Amino acid sequence: MKLFIGCFIGLVLSVSVGAESLLEGRVRLSSGQPAVGVQVRLFDLTDLRRFVGTTTDESGHFALSLRAFSTDRGTALPTDFVLGQNYPNPFNPSTVIPYQIPASAHVRLEVFNLLGQRLATLVDAEQSAGMHTALWDATDAVGRAVGAGVYIYRLSSGRMTESRRMVLVDGQAGIPTAQGAVRATVQGVVKADGSVYGLTVAGEGLIAYVNPTFRVGVDEADIVIEEHGGMPRMKRTTSIVLGDVNNDGQVDVSDVLYVLLYIMTDSSMILPNNGEISLGDVNKDGTVDLADVLLLVRYTDNPSDPTLPAGIGDDYGDTLSKATEVSLGSSISGSLSADDVDYFVIEISSSDTLIASTTGSVDTEGAILDSSGTVLARDSDSGKGSNFRVSVPVSAGTYYIRVKGWDSDTGDYTLYAQRSSGDNDIATNLTQNADSDYNPAWSPDGQRIVFTSTRGRNSGIYVMSADGSNPTRLTQNAGEDWSDWSPAWSPDGQRIAFVSTRDGNSEIYVMSADGSNPTNLTQDVGDDYNPAWSPDGQRIAFMSTRDGNSEIYVMSADGSNPTNLTQDVGDDYNPAWSPDGQRIAFMSTRDGNSEIYVMSADGSNPTNLTQDVGDDYNPAWSPDGQRIAFMSNRDENSSEIYVIDVE
């Protein structure tokens, strides 16, 4: 893990302030052992650029200087002109430069390279007496990132000039300022005997720790941090709330600090409560970054700010203007809290019957509305179980679907947006063809479906629009002695993996989404089946008989580094990645009959999840990674769908 080297060198004050103000404490693991080499930071919640950091020693002890916060915390004004050492140093991706001036003056703070060329002017303004800080985010005057190396920063005011050196390791991002926006969040807990800060602890293999209301001089700094894997069962919520990265059911200053830790420390940081850092992408641009931090800060200050992106603090928009887009023929999972309403917007291209329905644990009512918000149809209990099913004839245009819990009911649901070309017939025939079509797989954007068909001289891979139009054959070879089947989209929608017998035995191929550039990834004497992409698109898991029996393998997406994960006498099939890419579920006969197993992505820790006399097949993960659906014949009929908790 990348750890900042928090080497803040305190400023020399002429006035007598006694011994240096320190925050000291210890960090230990839940097992009682000292936590060695973990990063401890203290943030000023009124200006997130201001923080001090250090790492724990061999006994888990740490000491943080509080001088960086002294100006706003009541220390007497300085009497000398002093430029402090930047912190952290070396730094990546940004650093804070502290300085003090004894009287109001015009101040310039500039950054130069070793050739003496000025790269950036950080301060050029009249400033009051006191301690100040400036942030450099490793960019030049026009915002371009600079390379790693040694840089000079110079402070000048009147005839006074002072310079220091700093070392950039890499990177270009900075730490934003909250400018007081978070102050209201913690104002209620500020007491006379202690000032409130954000205290964070992070280390490799540890669940990140955040205390957003740490009071120096009041709270004890004896911190217990959990180890990943060896931790006790933590609180889990079922909600999927945008901005709630630590999955505690609310979006607050804790989430701001967790996102800051993710940006500053390591993208592999482990969050508590099985949290998901992607929920920090509140502007939905595909990246968790500083823009998201600023939006979260604004949300903590004013959750009702109409300029915020839709959905922060909720799983989906709760007004028509913030409705979440869904496409016809798709489904989307959500959750309802007390008095919560979720709105979805859908575009209809031609006259049809729009059908909205839900399944799940929460008792829901639903409605379909036109573009003006007028309710066209509503329903509360004619769907399966306690959920709704509502339908209405529509023409081309924009429509909304409203999902609401009955009597402040809470829980999870799945919304289905379907079309009907007949009387309330949800199922629509997309491939009206005399030959056999099978193995359908949606593209990640939900706009296309890839499938296997025998409509040519042999089985081939086809793709069509989600409404069944424009069927196109992607694998054009016409040999009667081979077939292509079992297509699987890459997570970015740019490639399709599939199985082919064109080279004699069954092997894994990959091609572009338009069918071009087919490439054999597994040139082996055994038969290879069931390709499954990892969530990051970097690896493909598959089943192979190359070692005698059927076993699960994984390889890089280009076919390199094939590795046998299940070296067992039984047969293993149907690999399926967990959403976080950390585990693989599969079917195995190693205990006599077919059962569902799960293992770590490196093949370690195989665990039998279904110890039953029936046969279990085809595992599929839930989007939150907490459950696995599978097929089973344990109830003596041909097959039924079951679901189990992964734990």
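In the predicted model described here, strands E28, E29, E30 and E31 form an open sheet of four strands in the order E28-E29-E30-E31, with antiparallel pairing; strands (E, at least two residues) and helices (H or I, at least four residues) are DSSP runs numbered from the N terminus, and two strands are taken to pair if DSSP finds at least two bridges between them. Strand E28 (484-489) and strand E31 (519-520) stand at the edges, each with a single partner strand, so one side of each is left without a neighbour in the sheet. The pairing of E28 with strand E29 (residues 495-500) is antiparallel and extends over four bridges, and within it Trp485 has Val499 in E29 as its bridge partner. Strands of a sheet pair through backbone hydrogen bonds, either parallel or antiparallel.

Residues are numbered from 1 along each chain as its sequence is written. Because the model is predicted, local features need pLDDT of at least 70 and side-chain atom pairs count only at pLDDT 80 or more, whereas totals for chains, interfaces and linings use all residues, and side-chain values use heavy atoms, with hydrogens and water left out.

The secondary structure of the protein chain comes to three helices and 42 strands. Of its 647 residues, 49% count as buried, where buried means under 20% relative accessible area, exposed over 50%, and partly exposed in between, computed with a 1.4 Å probe on protein chains only. Among contacts (heavy atoms within 4.5 Å) between residues at least 6 apart in sequence, 51% join residues at least 24 apart.

A second open sheet of four strands has the order E8-E7-E10-E11, again with antiparallel pairing. Its edge strands are E8 and strand E11 (160-168), each of which pairs on one side only, and the twist averages 15 degrees from one strand to the next; axes are lines fitted to C-alpha atoms, for helices over the stretch in contact, and angles run from 0 to 180 degrees between N-to-C directions. Strand E7 (residues 105-112) and E8 pair in the antiparallel sense over eight bridges, with Phe112 bridged to Arg118 in E8. Leu119 also lies in strand E8 (residues 118-127) and, at 16% relative accessibility, counts as buried. When neighbours within four places in sequence are left aside, Leu119 is in contact with Val111, Phe112, Asn113, Asp140, Ala141, Val146 and Tyr151. The C-alpha atoms of Leu119 and Val142 are 9.0 Å apart in space, although the two residues are 23 residues apart in sequence. Asp140, one of the contacts of Leu119, is placed in the loop between strand E9 (130-136) and strand E10 (149-157). Asp140 likewise counts as buried, at 15% relative accessibility, and touches Leu119, Ala120 and Val146, not counting residues up to four places away in sequence.

Strand E2 (residues 39-43) is joined to E3 by five bridges, and the two strands run antiparallel, with Gln39 standing opposite Thr55 in E3. Four of the five residues of strand E3 (residues 51-55) are buried, so this strand is largely enclosed by the rest of the structure.

Turning to the helices, two packed helices are described by the angle between their axes and the distance between the axes. The axes of helix H2 (residues 253-264) and helix H3 (residues 290-301) come within 9 Å and cross at roughly 170 degrees. H2 and H3 are therefore roughly antiparallel to each other, given that angles under 35 degrees count as roughly parallel, over 145 as roughly antiparallel, 65 to 115 as roughly perpendicular and the rest as oblique. In this contact, Val253, Asp255, Val256, Val259, Leu260 and Ile263 of H2 meet Leu290, Val293, Leu296, Val297 and Thr300 of H3. By class, the contact of H2 with H3 has nine nonpolar, one polar and one charged residues, where Ala, Val, Leu, Ile, Met, Phe, Trp, Tyr, Cys and Pro count as nonpolar, Asp, Glu, Lys and Arg as charged, and the others, Gly among them, as polar. The buried residues of H3 include Asp292, Val293, Leu295, Leu296, Val297, Tyr299 and Thr300.

Positive phi values were found at two asparagines. For Asn470, in the loop between strand E26 (460-465) and strand E27 (472-473), phi is near 55 degrees, a positive value in a residue other than glycine, and the residue counts as exposed at 56% relative accessibility. For Asn574, in strand E36 (residues 572-577), phi is near 50 degrees, and at 17% relative accessibility Asn574 counts as buried.
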